[in-house]
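Hi,

Here is the structure I promised to pass on to you. Please have a look, and then read on for my notes.

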Amino acid sequence: EEYDRWAREIADGNWLGSEVFFQAPLYPYFLAVVYTFFGHSLDAVYLIQIFFSLLGIYALYRAGKKLAGEKVGLVAAALSGLYGVYLFYDVQLLKESLAVTLVCLLFWALVEAREKKGLGLWIWAGVICGFLSVLREGLLLITRGLLLLAFRPKEKFSFFFLLIIRESICLPKSSVILSNFPVLIKFTPIKAVIIPKIILKR
């Protein structure tokens, strides 16, 4: 599998790489970190993904509780925990498991940020969006909708909060941009996959 091959290359010492990323690189790097500490153990990967999924379920519970009460939070967590597709992805070498967890954490961070003063949670929400952009870049279209939670018409600082989130998104992305820049003639922020996709479609 491509993720496994790429992760083994990274774990063997090729952390910076020599070519532009063909796809969003966070998941192979996640696997490489696991391989570095636990060896080439798929069981370790699956157990860590299950742990993160439980964290995502908890985040969904907390967000639901904050928005609509204890019962709604419990129902949301129960439905998420019993959904078979999520359980399937937790024991596969696929990025979807981490993606679902990050979306749940983003939802919780935004809900909590609306209720509390300070910039910490807004920055955290932006960082999560940044990680999503280097995990599964298509999810940025979904997170745009969640970011509307940051906008409160009666709050004069709403646009400022949105700006904080936007700038925080750049933190995880910056390492990918800097890694791609030296090996490209044309600047490609996250990955170089657009042209091959156009060729395949034709």
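Below is what turned up, from the overall fold to the aromatic rings and the surface.

This is a predicted model, so local features need pLDDT of at least 70 and side-chain atom pairs count only at pLDDT 80 or more, while totals for chains, interfaces and linings use all residues. Residues are numbered from 1 along each chain as its sequence is written, and side-chain values use heavy atoms, leaving out hydrogens and water.

The protein chain has 10 helices and zero strands; helices are DSSP runs of H or I with at least four residues, strands are E runs of at least two, and both are numbered from the N terminus. Of its 202 residues, 40% are buried (under 20% relative accessible area; exposed is over 50%, partly exposed in between, with a 1.4 Å probe and protein chains only).

There are eight aromatic pairs (Phe, Tyr or six-membered Trp rings with centres within 6.5 Å; planes under 30 degrees apart are stacked, over 60 edge-to-face, the rest tilted). Y83 and Y86 are edge-to-face because their planes stand at 90°, with ring centres 4.9 Å apart. Y83 is partly exposed at 43% relative accessible area, and Y86 is partly exposed too, at 31%. Elsewhere, ring pairs join Y3, Y27, F30, F51 and F52 into a cluster.

Finally, L16 lies in the loop between α1 (2-11) and α2 (26-38) and is exposed, at 69% relative accessibility.

Best wishes
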